[in-house]
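Subject: Structure for you to look at

Dear colleague,

I am passing on the structure below, together with some notes on what a search of it turned up. Please have it open while you read.

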Amino acid sequence: MYAIVRAGGRQEKVSVGSELLIDRVGGGTPAAGTALQLAPLLLVDGTTVTSDAAALAGVTVTAEVVDEVKGPKITILRYKNKTGYRKRQGHRQKHTRVRITAIDS
């Protein structure tokens, strides 16, 4: 059994026990072990595929926060010709690593 869920603005294919990186959850840092509910968009159980919104209202996908991590460093360079303008900037996106604990239908 697996499900397609909406997590952090993207759609992810998850099954019980799988880990994934999503955009940071909430305003603060969630503690490890905190439970999250992810919104299911599709549920596949053997040969049965459920995509109806009314049927998916009863489906819950539960995830557990494992830890907070940072993504890779992205370098941003801005340059304007003949003016001496150069600007260098970096960015590292913050992610939350979650483990899927249950898919209940």
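A salt bridge here is a side-chain nitrogen of Lys or Arg within 4 Å of a carboxyl oxygen of Asp or Glu. This is a predicted model, in which local features need pLDDT of at least 70 and side-chain atom pairs count only at pLDDT 80 or more, while totals for chains, interfaces and linings use all residues. Residues are numbered from 1 along each chain as its sequence is written, and side-chain values use heavy atoms, with hydrogens and water left out.

With that definition, the search of the whole structure finds 3 salt bridges. In one of them, the side chains of R10 and D23 meet at 3.4 Å, N to O. Because R10 lies in strand β2 (residues 10–14) and D23 in strand β3 (residues 19–23), this pair ties together parts that are 13 residues apart in sequence; strands (E, at least two residues) are DSSP runs, numbered from the N terminus.

Another joins R99 to E19, with the closest N and O atoms 2.8 Å apart. R99 lies in strand β9 (residues 94–104) and E19 in strand β3, so the parts tied together are 80 residues apart in sequence. R99 is partly exposed at 31% relative accessibility, where partly exposed lies between buried (under 20% relative accessible area) and exposed (over 50%), using a 1.4 Å probe and protein chains only.

There is also a salt bridge between the side chains of D67 and R97, at 3.4 Å, N to O. Since D67 lies in strand β6 (residues 60–70) and R97 in strand β9, that pair links parts 30 residues apart in sequence.

Best regards

Technical notes: Helices (H or I, at least four residues) and strands (E, at least two) are DSSP runs, numbered from the N terminus.
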